[in-house]
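Please examine the sequence and the structure shown below. The paragraphs that follow lead through the aromatic residues, then through a pair of packed helices, and close with the confidence of the prediction.

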Amino acid sequence: NYMFTKVKYLVIKVLLAIALLFTQTANAAEITNKAFAYKIKHCVESIYANKSMYPKSKQIPLELVIAQAAHESAWGKSRFAIEGNNLFGIRTWNPEDPQLKAKGAPDAPWGVRSYDNWCSSIEHYFFTLQTHSAYKEFRDELQFQNTISKQSDPINLIPYLAPWSEQGPKYVRLLQDILACLYKKDFFNKI
């Protein structure tokens, strides 16, 4: 009976720690780039645990998720990341969706979508890439890479993300530079 109580207490403690990790809004003054990546990694692993919805062939590489979120949210320090848990600059034109308005465009017909936590933002990012017609070529390339080599190459997937930004090819080069820099620093092996 004592052992059961001890195990039960440990399980509750672990579950509370995990819940805190996934639902806590990041404080921009405290989060480091490594902590940012670590938090994203745990969200991605949690989401990808649903193998029926995210089979290996549909899994976006963690490195790409981190690089794009780092750029779009300034490593979790942007206003939209802090106040709305939006790591990817995802916009909404639906006034019913929770959202933040850009300070320079408070009357715009769109807003930047708000989420309860980072994992919800990442899940919506995955949904967008899996369903929006602008990313069909991205999905085709991801599946091709995973079928041929059994793994995807984030650098070679980035060109298919050009529609994500109005910058188009400039955005692609920027993401490739960020990813290359992180690889050079061996960043992903440290999280």
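Rings of Phe, Tyr and Trp, the last taken by its six-membered ring, form a pair if their centres lie within 6.5 Å. In this predicted model, twelve such aromatic pairs are present. One of them joins Y48 and F126: the ring centres are 5.1 Å apart and the planes meet at 10°, so the pair counts as stacked. Y48 belongs to helix α2 (residues 33-48) and F126 to helix α5 (residues 118-131), so this pair ties together parts that are 78 residues apart in sequence. Y48 is buried, with a relative accessible area of 8%, and F126 is buried as well, at 1%.

Y125 and W164 make an edge-to-face pair, with 5.4 Å from centre to centre and 75° between the planes. This pair also links distant parts of the chain, since Y125 lies in helix α5 and W164 in the loop between α7 (154-157) and α8, 39 residues apart. Both Y125 and W164 are buried.

Helix α3 (residues 62-73) packs against helix α8 (residues 169-184) at an angle of about 115°, and their axes are 10 Å apart. The crossing of α3 with α8 is right-handed. On the α3 side, E63, A67, Q68, H71 and E72 meet residues of α8, among them Y171, L174 and L175. The residues of this contact comprise eight nonpolar, two polar and two charged.

As for confidence, the chain has a mean pLDDT of 89, and 84% of its residues reach 70 or more. Over residues 22-29, however, the pLDDT is below 50. Where pLDDT is low, the predicted coordinates should not be read in detail.

Definitions and conventions: Residues are numbered from 1 along each chain as its sequence is written. This is a predicted model: local features need pLDDT of at least 70, side-chain atom pairs count only at pLDDT 80 or more; totals for chains, interfaces and linings use all residues. Side-chain values use heavy atoms; hydrogens and water are left out. pLDDT is the predictor's confidence in each residue, from 0 to 100. Contact means heavy atoms within 4.5 Å. Axes are lines fitted to C-alpha atoms, for helices over the stretch in contact, and angles run from 0 to 180 degrees between N-to-C directions. Helices (H or I, at least four residues) and strands (E, at least two) are DSSP runs, numbered from the N terminus. A crossing is left-handed if the near helix is turned anticlockwise from the far one by less than a right angle, and right-handed if clockwise. Ala, Val, Leu, Ile, Met, Phe, Trp, Tyr, Cys and Pro count as nonpolar, Asp, Glu, Lys and Arg as charged, and the others, Gly among them, as polar. Rings of Phe, Tyr and Trp (its six-membered ring) pair if their centres lie within 6.5 Å; planes under 30 degrees apart count as stacked, over 60 as edge-to-face and the rest as tilted. Buried means under 20% relative accessible area, exposed over 50%, partly exposed in between (1.4 Å probe, protein chains only).
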